[in-house]
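Me: Hi! I have a structure open here and would like to go through it with you. Could you help me make sense of it?

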Amino acid sequence: MFEWSLNPYMGCAHRCTFCYVRAFERRADRPSDDGYGRSIRVKINVADVLARELTRSSWEGGSVVVGAATDPYQPAEGRYRLTRACLQVFAAAANPFSIITRGPMIVRDIDALQEASRRARVAVTFSIPTLDEEVWRKTEPSTAHPRQRLRAIRELVEAGIDASVGMAPILPGLSDRPEQLAEVVKAARASGATGIWANLLHLKPGTREHFLENLARDWPEELPRYERLYENGRSYLAKKETQPVRAEVARLAREHRVRDRRRVKLEPPAEPEQLTLTV
């Protein structure tokens, strides 16, 4: 959970079939089906607005999540560089932030991330739900290969930046087998990832229809399973379905010792201790 989020773009060219943002788009009367991601809305003044917000007297310096409703390193960033501009604003304000992405383009901004990390808490999470080639190609049609994301993590970590793996969403019956989970965890460890966490698919209206339509086309044998798991319009899986998978990922993370192993840790200086004078 987070209190503040920033999205330099709206819409996402990655067009993942399971993307929860499709539900937001549907509520806003925008396409949540195959039309989603065909056009991207570019907030060309986002860095200027951010700078004004961070200098308000009412701003208390809360951490901001960049990319909660879009990928800040989708192809449009190659042209507009809005995410980079926002990183520079965060650094100037010494304001903490985190990034969620599937885009290896982030390595282009290592210098900006390093500068920001020296001034405030900075963390990057790469979404890598699976390394299964078929599942990746059919559910994340326009994303970089998961192995490219792992290489990006290695570059970030070697540069001193906190970069972890988010295994989300794991798909019941498609990417939740023990060997599939272990493959991702071992790859995260090999890349130097500072941590790993897992979450399973949730299907809100907008996402639900699109995902199930694609599931019926690509894995029709799995459709009855999903109709049972998400019956009666249920968006979230029951705890009895999610807990075993999360527990297995946590166990694998302990077994393979996935933790912060950065040789150089870029962190802001410690706050000076408050001195109390007595008279």
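Me: Is phenylalanine 24 buried, exposed or partly exposed?
Reply: This is a predicted model, and in it phenylalanine 24 has 32% relative accessibility, so it counts as partly exposed.

Me: Which ring does phenylalanine 24 pair with, and how are the two arranged?
Reply: Its partner is tyrosine 20, and the pair is edge-to-face. The centres are 5.9 Å apart, with 70 degrees between the planes. Tyrosine 20 is partly exposed too, because its relative accessibility is 36%.

Me: How many aromatic pairs are there?
Reply: The count comes to 5 aromatic pairs. One of them joins phenylalanine 211 and tyrosine 226.

Me: Why is that one called tilted?
Reply: The planes of phenylalanine 211 and tyrosine 226 meet at 50 degrees, so the pair is tilted; the ring centres are 5.6 Å apart.

Me: What sits over the ring of tryptophan 219?
Reply: That's the charged end of lysine 138, 5.3 Å from the ring centre.

Me: Switching to pockets: what volume does the largest one have?
Reply: The largest pocket has a volume of about 1000 Å³. Its lining is made up of 33 residues.

Me: Which residues lie nearest its centre?
Reply: Tyr20, Ala68, Ile100, Trp197 and His202. As for the elements, helix H1 (21-27) and strands E5 (97-101), E7 (163-170) and E8 (196-200) each supply at least two lining residues.

Me: One more topic, helix H2. Which of its residues are buried?
Reply: In H2 (residues 46-54), the buried residues are Val46, Ala47, Leu50 and Leu54. Seen down the helix axis they fall within an arc of 95 degrees, so they line one face of H2.

Me: And what is on the other side of H2?
Reply: Asp48 and Arg52 are there, and both are exposed.

Me: What covers the buried residues of H2?
Reply: The cover includes strand E1 (4-6) and helix H4 (82-93).

Methods
Residues are numbered from 1 along each chain as its sequence is written. This is a predicted model: local features need pLDDT of at least 70, side-chain atom pairs count only at pLDDT 80 or more; totals for chains, interfaces and linings use all residues. Side-chain values use heavy atoms; hydrogens and water are left out. Buried means under 20% relative accessible area, exposed over 50%, partly exposed in between (1.4 Å probe, protein chains only). Helices (H or I, at least four residues) and strands (E, at least two) are DSSP runs, numbered from the N terminus. The arc is that of the directions from the helix axis to the C-beta atoms. Contact means heavy atoms within 4.5 Å. Rings of Phe, Tyr and Trp (its six-membered ring) pair if their centres lie within 6.5 Å; planes under 30 degrees apart count as stacked, over 60 as edge-to-face and the rest as tilted. A charge sits over a ring if NZ of Lys or CZ of Arg is within 6 Å of the ring centre and within 35 degrees of the ring normal. On a 1 Å grid over the protein atoms alone, a cavity is a set of points where a 1.4 Å probe fits but cannot get out, and a pocket is an open set with protein on both sides within 12 Å along at least five of seven lines; lining residues have an atom within 4 Å of a point. Grid points are joined across faces, edges and corners, and a volume is the space filled by probe spheres set on the points.
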